[in-house]
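User: Hi! Could you walk me through this model before I set up my calculations? I'd like to go piece by piece.
Analyst: Happy to, let's look at it together.

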Amino acid sequence: MKIEKNRVVTLTYELHIQSESGQQTLVETANTENPMVFIYGMSGLPDQFEENLADKSAGDEFDFKLDSEAGYGEFDQNAVVELPMSVFEVEGGIPENMLEVGNFIPMADSEGNQLQGRVAEVRDNSILMDFNHPLAGKELYFKGKVEKVREATAEELDHGHVHGEGGVHHH
Ligand SMILES: [Zn+2]
């Protein structure tokens, strides 16, 4: 059975990103114990990710690259903001080890939307926070294998997500 719209696809893969110096770093693995399972055509994944899998069947391997535009977008310098240290105070103090470069901190914008910021730089009285997706501006290299393809059930299509193995368990 081939991958096409409204079929449930199970993948295993490794995702690497490439640094400017050409070095590849593994950033994500989906293995047989923890595969990626989604309904083709309603995965919420980048369109080009799905397009690269079209017509493949169980057992087929894949190896493709998405540029940052097709992936998580360009790195947006406007999404890097300087915030006063006081913003991070909890009960009058800064929790120990919270403000280390690379840490992700859950925050909310002025409208109350949840977002994750990464500590980019610690300054004397302020913090430079990066609200870009961690994979923004990166080329993404996916290499993996199609493990399974099956028809989605009417209920899965109705809910917009996979049920059972690798999916949502609910009543
Ligand atoms: Zn459901």
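**Zinc site and surroundings**

Analyst: Starting with the metal, the donor residues of the zinc ion follow the sequence spacing H-x1-H-x1-H-x6-H. Keep in mind that this is a predicted model, where local features need pLDDT of at least 70, side-chain atom pairs count only at pLDDT 80 or more, and totals for chains, interfaces and linings use all residues. Residues are numbered from 1 along each chain as its sequence is written, and side-chain values use heavy atoms, with hydrogens and water left out.

User: Which atoms are the protein donors of the zinc ion?
Analyst: They are His159 (ND1), His161 (NE2), His163 (NE2) and His170 (NE2), at 1.9 to 2.1 Å from the ion. Donors here are N, O and S atoms within 2.8 Å of the metal (3.2 Å for Na, K and Ca); water is not among the atoms, so sites may look incomplete.

User: And what geometry does the site have?
Analyst: The site is tetrahedral, with angles of 100 to 120° among the 4 donor atoms. Four donors get that label if all angles lie between 85 and 135 degrees.

User: What does Glu156 touch?
Analyst: Leaving aside neighbours within four places in sequence, Glu156 contacts Val8, Ile39, Arg150, Glu151, His161, Val162 and His163; a contact means heavy atoms within 4.5 Å. Glu156 sits in helix H2 (residues 154-159), and counts as buried because its relative accessible area is 2%. Helices (H or I, at least four residues) and strands (E, at least two) are DSSP runs, numbered from the N terminus.

User: Switching topic, how is the chain divided into domains?
Analyst: Domain 1 is 7-72 + 136-159 and domain 2 is 77-130, with bounds from an automatic or database domain assignment. Their C-alpha centres lie 31 Å apart.

User: How many residues does the largest nonpolar core have?
Analyst: It has 22 residues, and Leu11, Phe38, Phe49, Leu53 and Phe142 make the most contacts inside it. Strands S1 (7-18), S3 (36-39), S4 (61-66) and S9 (140-151) each supply at least two residues of this core, with the largest share, 5 residues, coming from S1. A nonpolar core is a set of buried Ala, Val, Leu, Ile, Met, Phe, Trp, Tyr and Cys residues joined through side-chain atoms within 4.5 Å.

User: What about Leu53, which residues does it touch?
Analyst: Not counting residues up to four places away in sequence, Leu53 touches Ile3, Leu11, Phe38, Tyr40, Phe62 and Phe64. There is also a second, separate core of 9 residues, including Leu83, Met85, Met107 and Val119.

User: Where is Met98?
Analyst: Met98 lies in the loop between strand S5 (80-84) and strand S6 (104-108). Beyond four places in sequence, Met98 touches Phe88, Asn103, Ile105 and Val119. Met98 and Phe88 are 10 residues apart in sequence and 8.7 Å apart in space, C-alpha to C-alpha.

User: Last one: what is the phi of Glu91?
Analyst: It is positive, about 50°, although Glu91 is not a glycine. Glu91 is in the loop between S5 and S6, and counts as exposed because its relative accessibility is 85%. Asp55, in the loop between helix H1 (47-51) and S4, has a positive phi too, near 70°.

Terms used
Four donors count as tetrahedral if all angles lie between 85 and 135 degrees; four count as square planar and six as octahedral if opposite donors are over 155 degrees apart and all others between 65 and 115; anything else is irregular. Buried means under 20% relative accessible area, exposed over 50%, partly exposed in between (1.4 Å probe, protein chains only).
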